[in-house]
Amino acid sequence: MLPLSDGRSLRPDFALTPSNPADLCDLLDLKLPQHRLLAGIASRIHLSAKVMDAVGQMRTYQNYFNDERRRKAVHETYGLRFFRPRMIVVIGQRKAVDPIQLREAESDVPGLTLVAYDDILERARRRIRRRSAPTGAGG
């Protein structure tokens, strides 16, 4: 929870802590899998309104950490260090999305990484297959 001066607070979904404690944290926000990643017509593809809503939310969190006093307070309270956190949004499904169009649209928002739910499922399946694969002789 990130307190604001007006009594309200911000609540990012996740703070991603780095494996190296000297590094900075990033932010991850979860949106619904049925939201579209892209919108527009073939010649003018852009990020969907739902993605842009998430970007606006994440930028609010990023801006919070522009204030050194707030960064110090978060570090003292939670032991987490932030400065210009990367924005990672889990949203939608990639199945019918052209990867070049997605990369092009994603590049319009520096610091944004979109992860689709079906990407997560595929990564999990690959890990399971690797772990359940028989090991070679002698290993």
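Helices (H or I, at least four residues) and strands (E, at least two) are DSSP runs, numbered from the N terminus. The views below show a predicted model, in which local features need pLDDT of at least 70, side-chain atom pairs count only at pLDDT 80 or more, and totals for chains, interfaces and linings use all residues. Residues are numbered from 1 along each chain as its sequence is written, and side-chain values use heavy atoms, with hydrogens and water left out.

View 1. Let's start with α2, which covers residues 68–78. Asp67 caps the N-terminal end of this helix, with a side-chain oxygen 2.8 Å from the backbone nitrogen of Arg69. After α2 comes Gly79, and its phi is positive, near 75°.

**View 2. Gln62 in helix α1.** Here you can find Gln62 within α1, the helix of residues 49–64. Gln62 has a relative accessible area of 17%, so this residue is buried (buried means under 20% relative accessible area, exposed over 50%, partly exposed in between, with a 1.4 Å probe and protein chains only). Beyond its neighbours within four places in sequence, Gln62 is in contact (heavy atoms within 4.5 Å) with Arg84, Pro85 and Met87.

**View 3. The largest nonpolar core.** A nonpolar core is a set of buried Ala, Val, Leu, Ile, Met, Phe, Trp, Tyr and Cys residues joined through side-chain atoms within 4.5 Å. The largest one here has 28 residues, and Leu47, Leu112 and Leu114 have the most contacts inside it. Two or more core residues come from each of α1, β7 (87–90), α3 (99–106) and β8 (112–115). Helix α1 gives the largest share, six residues. Now look at Leu114: leaving out residues up to four places away in sequence, Leu114 touches Leu47, Val51, Val89, Ile91, Arg94, Leu102 and Glu106.

**View 4. Asp98 in the loop between β7 and α3**. Asp98 counts as partly exposed because its relative accessibility is 34%. A polar atom of the Asp98 side chain lies 2.7 Å from the backbone nitrogen of Ile100. For the backbone nitrogen of Gln101, the distance to a polar atom of the Asp98 side chain is 3.0 Å. Leu38 is 60 residues from Asp98 along the chain, yet their C-alpha atoms are separated by 9.6 Å.

Methods: A polar contact is a pair of N or O atoms within 3.5 Å; within protein, one must be able to donate a hydrogen and the other to accept it, and residues adjacent in sequence count only if both atoms are side-chain atoms.
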